[in-house]
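Open the model in your viewer and keep the selection tool ready. Each stop on this tour says what to select and what is there.

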Amino acid sequence: ALSTFTPDYSVEFLATNPVPRDKLAVWLDAADDATLEKDDAGKVAVWKDRSGNGRDARQDTPDFRPLYEAAGLNERPALRFDEKARTRLELPDLSE
């Protein structure tokens with residue numbers, strides 16, 4: 001007989017083992033609304049870097065801005081990028 005393994009990934013596991021945040025080159029967090037500068041259409045012009053390095057992602061052209069969705073991915077905040085519309089955010093050089 002075959003046995004089935006079902007891993008248990010719970011919120012408790014995530015809370016006790018957070019993602020390390022030291023030495024990050026950039027940290028973009030869609031759940032932190034204070035880091036998002038949105039236009040009237042809900043499109044993101046600037047996504048502020050939370051790492052402390054000032055490496056904000058930005059898009060100056062409104063047509064190329066991604067859309068902010070409060071319940072975008074697994075009911076969590078996310079930015080929606082559209083390949084056909086060429087939405088994107090530009091980051092500064094991360095090698096510096």
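Select residues 76-80 to begin: this is strand β5, which gives three residues, the largest share, to the lining of the second largest pocket. The model is predicted, so local features need pLDDT of at least 70, side-chain atom pairs count only at pLDDT 80 or more, and totals for chains, interfaces and linings use all residues. Residues are numbered from 1 along each chain as its sequence is written, and side-chain values use heavy atoms, with hydrogens and water left out. Helices (H or I, at least four residues) and strands (E, at least two) are DSSP runs, numbered from the N terminus.

**The pocket**

Select Leu28, Asp29, Ala30, Ala31, Trp47, Leu73, Asn74, Arg76, Pro77 and Ala78. The space in this pocket is about 160 Å³. A pocket is an open set of points on a 1 Å grid over the protein atoms alone, where a 1.4 Å probe fits, with protein on both sides within 12 Å along at least five of seven lines; lining residues have an atom within 4 Å of a point. Grid points are joined across faces, edges and corners, and the volume is the space filled by probe spheres set on the points.

Colour the lining by class. Seven residues are nonpolar, one is polar and two are charged. Here Ala, Val, Leu, Ile, Met, Phe, Trp, Tyr, Cys and Pro count as nonpolar, Asp, Glu, Lys and Arg as charged, and the others, Gly among them, as polar.

**The hairpin**

Select residues 67-73, strand β4, along with β5. The two run antiparallel, joined by four bridges. Strands pair if DSSP finds at least two bridges between them. Two residues separate β4 and β5 in this hairpin, and Asn74 in the turn has a positive phi of about 55°. Leu73 stands opposite Arg76. Tyr68 has Leu79 as its bridge partner in β5.

Stop at Gly72, also in β4. Buried means under 20%, exposed over 50%, and partly exposed in between (1.4 Å probe, protein chains only).

**Asp29 and Trp47**

Go to Asp29, in the loop between α1 (11-16) and β1. Asp29 counts as buried because its relative accessibility is 19%. Beyond residues up to four places away in sequence, Asp29 touches Thr35, Trp47 and Arg50. Contact means heavy atoms within 4.5 Å.

Next, select Trp47. Leaving aside neighbours within four places, its contacts include Leu28, Asp29, Ala30, Leu79 and Leu89. Trp47 also belongs to the largest nonpolar core, with Ala30, Leu36, Val44, Ala57, Tyr68, Leu79 and Leu89. Such a core is a set of buried Ala, Val, Leu, Ile, Met, Phe, Trp, Tyr and Cys residues joined through side-chain atoms within 4.5 Å.

**The open sheet**

Select β1, β2 and β3. They form an open sheet in the order β1-β2-β3, paired antiparallel. β1 (36-38) and β3 (57-58) are at the edges with a single partner strand each, so one side of each has no neighbour in the sheet. Three bridges join β1 to β2 (residues 44-47). Glu37 has Val46 as its bridge partner in β2.

**The whole chain**

Zoom out. There are one helix and five strands, in the pattern α-β-β-β-β-β. Of the 96 residues, 23% count as buried.
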